[in-house]
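Let's take a friendly walk through this model, stopping at a few side chains along the way. Keep the viewer open and follow along.

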Amino acid sequence: MPSPRLRRVAVLVLEGAKPLDVGIPAQVFTTRASMPYEVRVCGAAPGLVTGGDGLSYHVAHGLSALAWADMVFLPGYRTPDRDDPPRSVVEALSGAHERGARLAAISTGAFALAATGLLDGRRATTHWHYTRALARRHPRVRVDENVLFVDEGSVLTSAGAASGIDLCLHILRGDLGVAASNHAARRLVAAPYRSGGQAQYVPRSVPEPLGERFAATREWALGRLGEPLTLEAMARHAAVSARTLSRRFVEDTGYTPMQWVLRARIDMARELLERSERGVEQIAVDVGLGTGANLRLHFQHILGTTPSEYRRTFSRGE
């Protein structure tokens, strides 16, 4: 049988592009045996593009790469609040979207995406230093400064450079499943659970020392998902009251402790469905959800599908 077509990824380098923002999607999705992607780095035209931080880029492709791509990444760039990208870039991005490509902005790349009008009426984020500027320049965009990334389906945005990793892992999780996303996270030496629903929300104040204690409690809980976990047990581990844990946990993760545990259990179930032949009933026991009916209920509520359908979609036959 013919091999499936590789998914096409274009990384659009604009004037003043930030090197880390360019490198993240280029490295995460670079073509290798374990990754069904083909990557092209492009600019407004082939040739030299002056970047930020004293670096320049020699790109082999122009805007034709956007017509080719299934996914277009827009890395952040310097002074995004001064001028919009060239009209040719804006039109090429709009055309790619019309043809069905997803557009994903890292950091201040959100300004280029907003210039297309595709973020109007939608939720979006960018680097915290520029959230107010984005809201002023594009008042129809619903700017959320409290998240690491936003997935609006065909348009996605992320906060600072490290959040670009979270966004890429989130995309991998949706395209290829949890096992592939976790494999990529290990290769990047990155946290696999900062993406999606686990820890998108971050406080903007200086973290209190208690934050480190909660990180240890989250790690402790991840190692005990198959066991009974209660709010009181987690509070005892964190050495705080249950009320304090609940309040601060929401600030750290966007979820109550037990909501976070439930999503961690669903993620564990996803990986077991992908990588093992265990039945749904056994997986439900293994991840601490008790019964297959309980697993199916929460799986449907959180992911909008059934465990069996998920397995058919993402099983690697290992």
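Begin at Leu119, which sits in the loop between α4 (109-114) and β7 (123-124); helices (H or I, at least four residues) and strands (E, at least two) are DSSP runs, numbered from the N terminus. Leu119 is buried, with a relative accessible area of 1%, where buried means under 20% relative accessible area, exposed over 50%, and partly exposed in between (1.4 Å probe, protein chains only). Leaving aside residues up to four places away in sequence, Leu119 touches Ala110, Leu113, Ala114, Ala124, Arg140, Val141, Val155 and Thr157, a contact being heavy atoms within 4.5 Å. Leu156 is 37 residues from Leu119 in sequence, yet the C-alpha to C-alpha separation is 9.1 Å.

A word on what you are viewing: this is a predicted model, in which local features need pLDDT of at least 70 and side-chain atom pairs count only at pLDDT 80 or more, while totals for chains, interfaces and linings use all residues. Residues are numbered from 1 along each chain as its sequence is written, and side-chain values use heavy atoms, with hydrogens and water left out.

Now for the aromatic rings. A pair of aromatic rings is described by the distance of the centres and the angle of the planes. Rings of Phe, Tyr and Trp (its six-membered ring) pair if their centres lie within 6.5 Å; planes under 30 degrees apart count as stacked, over 60 as edge-to-face and the rest as tilted. By this rule the count comes to 5 aromatic pairs. One of them joins Phe29 and Tyr37 edge-to-face, 4.9 Å centre to centre with 80 degrees between the planes. Phe29 also pairs with Phe73: the ring centres are 5.4 Å apart and the planes meet at 40 degrees, so this pair is tilted. Because Phe29 lies in the loop between α1 (19-28) and β2 (37-42) and Phe73 in strand β5 (residues 71-74), the pair ties together parts that are 44 residues apart in sequence. Phe29, Tyr37 and Phe73 form one aromatic cluster. Their relative accessible areas are 1% for Phe29, 2% for Tyr37 and 0% for Phe73.

Finally, turn to helix α14 (residues 307-314), where Pro307, Tyr310 and Phe314 are buried. These residues span an arc of only 60 degrees around the axis, so they lie on the same side of α14; the arc is that of the directions from the helix axis to the C-beta atoms. Covering the buried residues of α14 are elements including α6 (161-176), α7 (178-188), α11 (257-275), α12 (280-286) and α13 (292-303).
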